There are 4 protein chains.
Amino acid sequence: MVGGGQGAFIGAVHRIAARIDDEYELVCGAFSSDPEKSKLSGAQLGIPASRTYGSYQEMYENELLLPEAERVQVISIVTPNHVHFGPAKMAMESGFSVILDKPIAFSLAEALELKKISGHTGKRLALTHTYTGYPMVKEARQLVASGKLGEIRKVYAEYPQGWLSTFEEGGTNKQASWRTDPSQSGIAGAMGDIGTHAFNLAEYVTGLQVARLCADINIVVAGRKLDDDGTAMLKFNNGASGVLFATQVAAGEENNVKIRVYGEKGGLEWQQSDANTLVVKSLTGPAEIYRTGGKYLGSFATHNTRTPGGHPEGYLEAFANIYRNFALTVRADLDHERPAPECLDFPGIEEGIRGMAFIERVIESGKSDNKWIDLKIE
Amino acid sequence: MVGGGQGAFIGAVHRIAARIDDEYELVCGAFSSDPEKSKLSGAQLGIPASRTYGSYQEMYENELLLPEAERVQVISIVTPNHVHFGPAKMAMESGFSVILDKPIAFSLAEALELKKISGHTGKRLALTHTYTGYPMVKEARQLVASGKLGEIRKVYAEYPQGWLSTFEEGGTNKQASWRTDPSQSGIAGAMGDIGTHAFNLAEYVTGLQVARLCADINIVVAGRKLDDDGTAMLKFNNGASGVLFATQVAAGEENNVKIRVYGEKGGLEWQQSDANTLVVKSLTGPAEIYRTGGKYLGSFATHNTRTPGGHPEGYLEAFANIYRNFALTVRADLDHERPAPECLDFPGIEEGIRGMAFIERVIESGKSDNKWIDLKIE
Amino acid sequence: MVGGGQGAFIGAVHRIAARIDDEYELVCGAFSSDPEKSKLSGAQLGIPASRTYGSYQEMYENELLLPEAERVQVISIVTPNHVHFGPAKMAMESGFSVILDKPIAFSLAEALELKKISGHTGKRLALTHTYTGYPMVKEARQLVASGKLGEIRKVYAEYPQGWLSTFEEGGTNKQASWRTDPSQSGIAGAMGDIGTHAFNLAEYVTGLQVARLCADINIVVAGRKLDDDGTAMLKFNNGASGVLFATQVAAGEENNVKIRVYGEKGGLEWQQSDANTLVVKSLTGPAEIYRTGGKYLGSFATHNTRTPGGHPEGYLEAFANIYRNFALTVRADLDHERPAPECLDFPGIEEGIRGMAFIERVIESGKSDNKWIDLKIE
Amino acid sequence: MVGGGQGAFIGAVHRIAARIDDEYELVCGAFSSDPEKSKLSGAQLGIPASRTYGSYQEMYENELLLPEAERVQVISIVTPNHVHFGPAKMAMESGFSVILDKPIAFSLAEALELKKISGHTGKRLALTHTYTGYPMVKEARQLVASGKLGEIRKVYAEYPQGWLSTFEEGGTNKQASWRTDPSQSGIAGAMGDIGTHAFNLAEYVTGLQVARLCADINIVVAGRKLDDDGTAMLKFNNGASGVLFATQVAAGEENNVKIRVYGEKGGLEWQQSDANTLVVKSLTGPAEIYRTGGKYLGSFATHNTRTPGGHPEGYLEAFANIYRNFALTVRADLDHERPAPECLDFPGIEEGIRGMAFIERVIESGKSDNKWIDLKIE
């Protein structure tokens, strides 16, 4: 693990996600850029001092000296955005597979570079767009792909939060500080932090790609350096249209990412606050309530569920689904087998590139007087 | 009543709304532009043949010949949009008060003309933007006005329907036919029919005005002549931003108009499908569930409720609130009293003008390559 | 109308319900046992002084002197329970049809007597068990009757209120005072006031009859004279079992009557707080959300709905359905036609008798050390 | 681990729960009474063959031969009910701490015996009544204890399932087979399997004890040997009353355990299908929505939450809370420290004894013609 020392939120989440299905063992780490803090964090996590490193470079180099059977296989990178590219690049070049917290990099250029590196090293990379790890989101995607809704016409994706409604940065709130700091987050604040999740969710569920967008990007709280709010009208590559909004100043909102999709024959609705439910709407009959664990669900939802119906699974399990599917895929690679489609179903470099393109274009659109901007990736 | 003969949906709704609080008696009508049909409808409604007329002109002229105590006092106009201006203008000029189905007219110019006529005749006009008639919407407005949410920052208004997901016009579906016909509806379809409701709701609850907008307007169903879908990004006169969408092609959706408003200190959420509930969110504490009939509610919600808490009131009662408040206001006028603020709280000509301006600008924006268009009324 | 003067809650509800569908006109009343108050109430309601009476006896006698075309046809009785039998008996004997607020009488004996009087006078009587007037409750009954759920096994009916959590009686709260007074309410408090509604709902939806019960009846608030809380375990005539509870001391609850029914093949759930929704559950597939106005609904729900899907109807409309169906039935009688099943679908004397039997037996069971008591009506 | 081999549901749940917080390592197991199957399961779980045993006796004996630092410390017993007592007794006598799937034993007598053994060995025992592991259930308990609701008056606990609506036993459904088999489950079916959870939830949240009960216990599905449905009316030791029902024949229901509690000043409502929400109701003001992760929550909810508000935690995390708190307590014991109240907050032998007493009395009541039966433990 790179990053994730004391005080980090997402590092702990990654570790739980890795443990849930017993496919991973945490064997080494460079938990902080401060070697002293890294040692302390390693000790707390029960990692031997010999494998607690002061930097990712040191870690990779030392691990490569170990016998293959003992050596780390997958590197989990949970640092702020500006420290994604370096450790991911070097990890793949050192022969390790990579799990990377989103967004994939600091810029689209870095993301495209990672694609090249993955290509020539043959190493895989998973990106933790957690929300597409929920079983009912996977069911939604499978339903759309099956044609049940007909051709898709409308997509509404939203991600409201309220925790940045006041000026939190610069104090003890480490999460607020780095996420609003351009030198650590990149060119986008809310749009990079949570807007990309909504974007990923929209493209994942529909199987479509955003072709054009028109955005309104705002800094609502005085003194903030990056956007804390934004909306984008979307045009998809099949002609469908949609709206995406992400905000961190919706006072009183927690984290209720939500998607609605409508096609010629019906619609669907999913939201994280009721994560085990997918409402499937029909042009003619009553709406149906699909529930995690239902025996009528498709192969993707079923593969990603651990308990029978009525035992709610949540955010950590959705996160764990990415870890588990990545493990099953890497294992299949090692066994020279073709991974099942249900195992290959984790976000990776392509999703990372599209996310970075979204960030760059949506910020560009926010500053532009022109209405529509193409989301194209050269 | 003008319009509202057999087969009409909204005419029957107006009549129920007028009856609920026993403030009105239906005494005459020109129920159809076809005198034969008008007679038939009048007979069904128990109106004497002598006061069932073949045209509104005939009705106004004949009613003026009656003694004042017997004469109709309020004219309810429930015709398609292109027959709003004429009967409303002549009604006011004939000395009648007017209740008009929304939108107020066929064009902004007509709406501005009605304002002048109201001004010099001194007659009042109510516009049935029903959704602002719900007690919990009134509570929302009063809460915002009280400063409980702090300065408003974000407004999300939406109005999804699915009933025009297929090509319905030209057949037996009278509702679909006139609403998609430019000669009866005007320049807008969905945006005029339901978008104006969402717009009115947003301005009513926040007490703000939309200053600029940027819209994406679509005809989704092939062959349709007017928009059946649209989205507008909004900028309000206090600097707040927002999104409004209205669509009639969200297959499986009924009529769930919804609004969310966020300020510096909290937020609120209301939707018609749970009309007796207003969720009030806080930056720091738990959200609260305000309910119709609650003793903690403000004067506007209380004034507009007929039953104790837990006895749900619905669409017809919201509609009736407009009728009742208009009656109380007109009665106060007759008694030379100043109507209470709770009675004066019905949509009128100003709301009608803003609605027409919204329609004209949002359609203009939909056709434009420029991003932001001012919503100004010359 | 008998009763329903100033300060009465349910009288005003009856009048709105009667007006909604324009099938009734309020022509006369004995609004209070105090002639002075009756006159005042009549004047407020726009009833001529000549037809505002000081007692129901006076009203019936005088109305019978009027020509048949002018005479009142239907008597609406909205007095406390101890003044149900007298005016209902005399009304039927005078040739009037009767709408009676529930429960039908002060005792089972009175209810049985009313049945006899109805039998030999040929006059009809409707009882306002409002909750079975909701379209989705009617749909539930029709679904069960259709066999969709298979043989019924379990029934859970509940009616929680909180408004009597403190000692309210004896003061200005007229509602609390008479409902907790044995001389006006009869032998039961909560069980008579709201328990009978839950009982009626359970028998209506399932089409079954309660055969035996075992009850726990409580006076929770010190000083109260009648039960304010109770639970009954139920056995139905087909062998199904169930639970019914009604309480007025569930602090914070409004009026959320709810029913759940389960059969061999599925279940259903309805509650007043979401009155336009019926959730239909399946042993094998996803649950379905039936909604008022849906085109897939049966004839009973459709007959009892005034607006298209998504325009919520509430308590007053449910109440109005009883009034409307009674009017359609009485009118068919007058026309010597057979009323349609959908019109005949209102609670009447049989439901009233069963309600009184429930009250007597449930109170008896509450006092008994024996477990099961038969609900038989001699 | 004792039990939990291939095909077992709850064994896998225990293992995930143990892993989530990294407080446990699975080091040995007797996964099946069939040594061959045990070996296979151990191999799958990555346990060395040397520590995969054919019986719990063999396991305990062999583990005791290992140096203390390598030896297993906590035994997790996940067998059917008839194999709870033996391995738990011997584990404690061998010096191991015990985590036991509920119910604690096959009979009340066994449970009382385990208490004695725990007493003289000084070993702790945790019982996985999972539902009291949810943060919002803990908040509910803390709120009641704080007096916020005033003296408790009413308790409604329910646990509806539908998965045994048809005759499932004797086939491939291993879960159905043992749970309906008296030789493995004991004298109760649904009441033991899920009724005890509802019972534990009711006593945990209220801090009260059930003093008397009156039950209706049914075998609904023909051919079944144990109850699949039951209801009990309850009287608590403070005079409060309540209802508990548990059923496995509510066709279409999943696993939605739910509790409602009402006191003099307010009420609360929690259900597993919306596990991160606790609705707190007030006699006078609006209800409040408490949410997992809220900064306004008490110490118990906060201690048992891993993620910020809006990241739903579910069943596995609730299960993990029992494991984690037990580990923290055992660790404090080893360190000769007093465990914090938040750590000691896991179900144990006392809860197990009360659960067994409930099972025995509720079944006895179901067979009795007497109304009330005392729930006393000699």
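**Entry 1: a residue in chain B**

I looked up N321(B) and found it buried, at 1% relative accessibility. Buried here means under 20% relative accessible area, with a 1.4 Å probe and protein chains only. The model is predicted: local features need pLDDT of at least 70, side-chain atom pairs count only at pLDDT 80 or more, and totals for chains, interfaces and linings use all residues. Residues are numbered from 1 along each chain as its sequence is written, chains are lettered from A in the order in which they are written, and side-chain values use heavy atoms, without hydrogens and water.

I placed N321(B) in helix α11 of chain B, residues 315-334. Helices are DSSP runs of H or I with at least four residues, strands are runs of E with at least two, and both are numbered from the N terminus. Next I checked the neighbours of N321(B). Leaving out residues up to four places away in sequence, N321(B) touches G133(B), P135(B), N304(B) and R306(B). Contact means heavy atoms within 4.5 Å. The side chain of N321(B) also reaches the backbone oxygen of G133(B), at 2.7 Å.

**Entry 2: the sheet in chain B**

I then traced an open sheet of three strands in chain B, in the order β1-β2-β3, with parallel pairing. Two strands pair if DSSP finds at least two bridges between them. Which strands stand at the edges? They are β1 (74-77) and β3 (125-127) of chain B; each has a single partner strand, so one side of each is left without a neighbour in the sheet. Neighbouring strands of this sheet are turned by 15° against each other on average, direction ignored. The angles are taken between lines fitted to C-alpha atoms.

I followed β2 of chain B, residues 97-100, to β3(B): three bridges join them. L100(B) has L127(B) in β3(B) as its bridge partner.

**Entry 3: where chain D meets chain A**

I turned to the contact between chains D and A. It takes 28 residues from chain D and 28 residues from chain A. About 2300 Å² is buried between them, and carbon and sulfur atoms give 57% of that. Buried area is the accessible area (1.4 Å probe) that two parts lose on being put together, summed over both. In chain D, R19(D), E254(D) and P312(D) lose the most area to chain A, together 25% of what that side buries.

I counted four salt bridges between chain D and chain A. A salt bridge is a side-chain nitrogen of Lys or Arg within 4 Å of a carboxyl oxygen of Asp or Glu. In one salt bridge, the side chains of D22(A) and R19(D) meet at 3.7 Å, N to O.

How values were computed
Axes are lines fitted to C-alpha atoms, for helices over the stretch in contact, and angles run from 0 to 180 degrees between N-to-C directions. Buried means under 20% relative accessible area, exposed over 50%, partly exposed in between (1.4 Å probe, protein chains only). A polar contact is a pair of N or O atoms within 3.5 Å; within protein, one must be able to donate a hydrogen and the other to accept it, and residues adjacent in sequence count only if both atoms are side-chain atoms.
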